[in-house]
Amino acid sequence: MSKESQKYHILLVEDSILANTAAKMLLQMLGVQVTAVFTGQQALDIYRNCDGILLDIGLPDISGLDVCQKIRAQEGAAHIPIIALTAHSDEKTMEDCLASGFDIFIVKPLTESVAKRAIKEYFRKQGNNNSKTHSKNGA
């Protein structure tokens, strides 16, 4: 997978320094170029430079749900794959994520197997936002 994924640039948005660092290292180990930020505003400022987004929904400044909605409202942003990262696995959180425009819902922590499967699904789905996927640590 790493040869294929090396051409992808993912924006990682996670406010926890530990989780941000761990996810960034994991994705880089899988051959993905990663830009990591800690706030929703940072994500809104630079998302256009990336092929897709891994977005924590519990950010301190703007909720990840709102960030996703703001990105989806922008012209030309419908094709950008956006994966929700959350510590919550309840049905309401899943529904809120998908209703906000996320393509995939992943319960943290992001593991190697989940990351590999998410990357495969993430890029396979570019240009096709009609198929929503839910994952509890299994993309």
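Reader: How many helices and strands are there in the chain?
Author: The chain has 6 helices and 6 strands. Those are DSSP runs numbered from the N terminus: helices are H or I with at least four residues, strands are E with at least two. This is a predicted model, where local features need pLDDT of at least 70, side-chain atom pairs count only at pLDDT 80 or more, and totals for chains, interfaces and linings use all residues. Residues are numbered from 1 along each chain as its sequence is written, and side-chain values use heavy atoms, leaving out hydrogens and water.

Reader: What order do the elements run in?
Author: From the N terminus on, α-β-α-β-α-β-α-β-α-β-α-β.

Reader: Switching to Ser100. Where is it found?
Author: In the loop between α5 (91–99) and β5 (104–107).

Reader: Is Ser100 buried or exposed?
Author: Ser100 is buried, at 7% relative accessibility. Buried means under 20% relative accessible area, exposed over 50%, partly exposed in between, with a 1.4 Å probe and protein chains only.

Reader: And which residues does Ser100 touch?
Author: Leu65, Cys68, Gln69 and Arg72, leaving aside residues up to four places away in sequence. Touching means heavy atoms within 4.5 Å.

Reader: What lies 2.8 Å from a polar atom of the Ser100 side chain?
Author: The backbone oxygen of Asp96.

Reader: Back to Gln69. Where does it lie?
Author: Gln69 is in helix α4 (residues 64–72). Gln69 is partly exposed, with a relative accessible area of 40%. Its C-alpha is 6.2 Å from that of Gly101, 32 residues apart along the chain.

Note on methods: A polar contact is a pair of N or O atoms within 3.5 Å; within protein, one must be able to donate a hydrogen and the other to accept it, and residues adjacent in sequence count only if both atoms are side-chain atoms.
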